[in-house]
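Here's a quick tour of a protein model for anyone new to reading structures. Have a look at the sequence and the 3D view, then work through the points below.

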Amino acid sequence: MSYRLRRYPPAPPASQDAQKNLERPSAQDIYEQVANNARQELGRSSISLAISGLAGGIFMGLSALGNAIAIALLTTPGTVPTHTIFFVGKMFYPSASSSSSLAAPSSSPKTPSTP
């Protein structure tokens, strides 16, 4: 049984219009879009803006609290949290900074200092 390969016709060359639509927006276009969005937000009522701000603040506060609770629940009492525990905790509140007092222990053993 012989197989015959099907040949597809070559794709037509892309037109200049299609390429023009793929270009990145200019700085002026971006500014106009941002300015339009800002004008729409300023058109909202004061109550709507207040509720939005309150909801955002509550969400940020509770997510930080979720981070602390997750780290506290996953850490064995009397030990220092590990990198894995911090990783799981950051799923609740992904912040760029970390506290140096809660840093995971180093791998080098600590020797007691003598006076």
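**The briefing**

There is 1 salt bridge in the structure (a side-chain nitrogen of Lys or Arg within 4 Å of a carboxyl oxygen of Asp or Glu). Keep in mind that this is a predicted model, where local features need pLDDT of at least 70, side-chain atom pairs count only at pLDDT 80 or more, and totals for chains, interfaces and linings use all residues. Residues are numbered from 1 along each chain as its sequence is written, and side-chain values use heavy atoms, with hydrogens and water left out.

**The charged pair**
- The salt bridge joins the side chains of R44 and E41, at 2.7 Å from N to O.
- Side chains of opposite charge can pair when their charged atoms come close.
- R44 is partly exposed, because its relative accessible area is 29% (buried means under 20%, exposed over 50%, partly exposed in between, with a 1.4 Å probe and protein chains only).
- E41 is partly exposed too, at 40% relative accessibility.

- The protein's mean pLDDT (the predictor's confidence in each residue, from 0 to 100) is 76, and 61% of residues reach 70 or more.
- Confidence is lowest in helix α1 (residues 16-21), with a mean of 57, and highest in helix α2 (residues 27-42), at 93.
- Over residues 96-109, pLDDT stays under 50.

**Overall layout**
- The protein has 4 helices and 0 strands (DSSP runs numbered from the N terminus: helices are H or I with at least four residues, strands are E with at least two).
- Of the 115 residues in the protein, 10% are buried.

**A look at helix α3**
- How does the span of α3 compare with what it should be? The end C-alpha atoms of α3 are 42 Å apart, which agrees with the 42 Å that its 29 residues should span (1.5 Å times one less than the number of residues).
- S63, G66, N67, A70 and I71 are buried in α3.
- The buried residues of α3 pack against α4 (83-90).
- I58 sits in helix α3 (residues 46-74), and it counts as partly exposed because its relative accessibility is 45%.

Note on methods
Contact means heavy atoms within 4.5 Å.
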